[in-house]
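Dear colleague,

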Amino acid sequence: VPTESVSTSRDIERYAGLFAARTKVMKSSAMRDLMAVTARPEVISLAGGLPDTSTFPPDTFAAIAQRIAAESCAKALQYGPTEGLDETKACIAQVMAAEGMRVAPEDLIVTTGGQQVIDLVTKTLIDPGDVVIAEGPTYPGAVPVFSAYQADVVQVDMDADGMRVDLLEETLDRLERDGRRPKFIYTVPSFQNPAGVTMSQPRRSRLVEVAHERELLVLEDNPYGLLRYEGDPPPPLLSLDGGVYVMYLGTFSKILSPGIRLGWVVAPPPVLEKINLGKQAADLCTSTLSQLMVQAYFQESRWRDYVESLTEVYRARRDTMLDALADHFPRQAEWTRPAGGLFIWVTLPDFIDTTDLLARALRDNVAFVPGEAAFLDGRGRNAMRLNFSGSNEDAIREGIRRIGEVVTEQVDLYGTLTGEHASVRVESPPAVEDPAGDNVLRLPKRSARSRRAEGS
Amino acid sequence: VSRVAVLKGGRSLERQVSLRSGARVEDALERLGHDVVALDVNHDLISRLRDAAPDVAFIAMHGRDGEDGTVQELLEILDIPYTGSGVLACVRATDKVLAKHLMIEAGIPTPEFFAFSETAFRELGAADALPAIEERLDFPIVVKPSSQGSALGIKFARNAADVPAALVAAFSYDSRVLLERHVDGRDLAVSILDGEPLPVVEAVPTGDGFYDFEARYEIGRTEFVCPAELPDGVTEQAQELALRTYRLLGCSAFGRIDLMLGSDGELTVLEANPIPGLTETSLLPQAAEAAGISFDELVGRIVELALEPAPA
């Protein structure tokens, strides 16, 4: 009787004993509970990463469906090859050519969204405890993937020119001294999610050299490359490397639709072969229907015109958000000025915890992604990611006004508590009008918490 | 058989937990043969309640609106019987400052504290009193919002430099915050069902190193032991203190009182939860199970209590 009357969580969480060890690493946090509230309709959410699909012409959609029904109904309803349909690969080749890359059909696999590429590459390369190098901050959606495969993620700081490749080399040296060799470097070089910055051409060249010198793979995640609002694009890492150490992730999510779940991976043949096996196990093949829709879409209309129209919409939204930030955020805040993509990264003073700030912001029906989502090491607690593609300009202005108000409130309160001067709103914002300001990107170096840990 | 409206979700920060509590309660009610209407609480709550015309409302909400007396007040107006504590008990329990003052007045031990509104800092210069408070309470000091039910916004200030940021964080959740003496010891919870204390649950942090303070509030970093293995007499003492607190605040039907067993062997009451969680891993269902009461029985009993005529 005595032992049976003692019930612990092992008995009560009936299923917990059945879970694989890797599920224990999957993060569950207060932040996730807060994010559940952001989905409510009255909330202006600058938290998502949603492209605007509202301007896609319904006529085109109908024509695509019509064409598939008339020409390839049975095929659309059937399984397809694991590596994808040749017709789709031809469309992918067009998209890659638009960014200055040439690819042969046999060098790529069509995947279920770009997200599957991160999963398959990690599955192919990482044993528990293996090192993955990522940017700090990194794409929040990659965090659960790396965690699920029990990767040890080492994050390298960035500035306005993207990943600090000098720091990367220091990190690689340090790891080597510890007898550890990373398997791959994960990077979003253009309009990074979440930081909004783009890796400069010299850094790109150096990164590719480092990969060759150290015989390391690089996963170049490039969902936003074609969503450029100003300036000239630097060359993709893949074109600099020629496909020796660089693997490339592309997607139709931001240039056509995330709903069709279509992405692709380019990798050296031996790696691609393993990825193919992993893909077979995961889902046999990418949706044939989606693949044929892309093919029909490329036949039916000019895909680049649609990308161009999206670019117009997003550029205006980005400008609106930058203006609103300058108008409503206190001078202690800093933010990036992306030349493309979907996100702006804001860094606040150390004493503001953006997860708590989100709770306060939700009372005013506005949401953002707290910076901690983009780090695996507890950093980023004073930063936030803002999305400008998924809301219209009025919502962006109002959303930023509300967030600015709560940030200002907390800055003032902190000033009152410490006897320091209060917040001042800048009237002529340096982030927009001072071109030198573009080069200032202070991504969080250390959190208040880690500083505390050192007992300072 | 009754028609039961299960109220869940809402816009509280504990929405997610509430949805899970609610879903589990709905399943139990259906197994018990009740006619169940699930309502995710929203702007149209009143009209949907009128349409549903339930015999009783099961409030499976946590935090703001559900636990602070708001929904209870609305149900009073609609004359729909509801589960758990009434408006006044919810108001008293959710307001930690009020609850702690009542405890002190009634001689129930609770960690020493000071509470301030945001206006006290902004307009009355309360910041100047911080050094005196810090001296009185000793570090680390627990800083928490007065009304937030879950662990959100609770910070541990290890030194004077940590206090302002901890206060800013706590004020994100409420316009009033407490600075409380940190009690080093064991976390205990006593659930009460129909005026009877259930076996004590101990929450044991499984984390290690520096963040042990935070560990107890992080899912998966805590293990629960029920009944807690406590020194002679401590179980009874904890249950008695919990029951006194429950009665003091005027709770009815069920509730949960959180206590600390200090390393000095002294018990103190931290707070009362009028609607504790009802998920798979929540403490009230665990305690009930340890007392031989299944989840279905627990839910059935809570509904019966709501339908009993109020004592005149």
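Which order do the strands take in the open sheet of four strands in chain A, and with what pairing? In this model, which is predicted, the order is β11-β12-β15-β14 (chain A), and the pairing is antiparallel. The edges of that sheet are held by β11 (334-335) and β14 (369-370) of chain A, each of which has a single partner strand, so that one side of each is left without a neighbour in the sheet. Strand β12 (residues 343-347) of chain A is joined by five bridges to strand β15 (residues 383-387) of chain A, the two running antiparallel, and Val346(A) is found opposite Met384(A) in β15(A). Across β11, β12 and β15 of chain A lies helix α15 (residues 303-328) of chain A, which runs at about 15° to β12(A).

As background to that sheet, chain A as a whole contains 19 helices and 15 strands, and 56% of its 456 residues count as buried. Of the contacts in chain A with a separation of 6 or more, 77% are between residues 24 or more positions apart. The chain exposes about 19000 Å², of which carbon and sulfur atoms supply 50%.

Strand β4 (residues 131-136) of chain A pairs with β7(A) in the parallel sense over three bridges, with Ile133(A) opposite Ile185(A) in β7(A). β7(A) also pairs in the parallel sense with strand β8 (residues 217-221) of chain A, here over four bridges, and the bridge partner of Tyr186(A) in β8(A) is Leu219(A).

Turning to chain B, how much of strand β8 (residues 185-193) is buried? Seven of its nine residues are, so β8(B) is largely enclosed by the rest of the structure. Nine bridges, in an antiparallel arrangement, connect β8(B) with strand β12 (residues 254-262) of chain B, and Arg186(B) is placed opposite Leu261(B) in β12(B). With strand β10 (residues 201-205) of chain B, β8(B) pairs in the antiparallel sense over three bridges, and there Leu188(B) stands opposite Glu202(B). β8(B) is also joined by two bridges to strand β9 (residues 196-197) of chain B, again running antiparallel, with Leu193(B) opposite Glu196(B) in β9(B). β8(B) and β9(B) form a hairpin with two residues between them, and in its turn Asp194(B) has a positive phi of about 50°.

The last item concerns two helices of chain B, α5 (residues 96-105) and α10 (residues 234-249), whose axes come within 10 Å and cross at roughly 115°. That angle makes α5(B) roughly perpendicular to α10(B), and the crossing of α5(B) and α10(B) is right-handed. On the side of α5(B) the contact is made by Ala99(B), Leu102(B) and Met103(B), while α10(B) contributes Thr245(B), Leu248(B) and Leu249(B).

With best wishes

Technical notes:
Residues numbered from 1 in each chain as written. Chains lettered and ligands numbered in written order. Predicted model: local features only at pLDDT ≥ 70, side-chain atom pairs only at ≥ 80, totals over all residues. Heavy atoms only, no water. Buried < 20%, exposed > 50% of the residue type's maximum accessible area, 1.4 Å probe, protein only. Contact = heavy atoms within 4.5 Å. Areas by Shrake-Rupley, 256 points an atom, 1.4 Å probe, with all protein chains shown as cover. Pairing = 2+ DSSP bridges. Axes fitted to C-alpha atoms, helices over the stretch in contact; angles between N-to-C directions. Parallel < 35°, antiparallel > 145°, perpendicular 65-115°, else oblique. Left-handed = near helix turned anticlockwise from the far one by under 90°.
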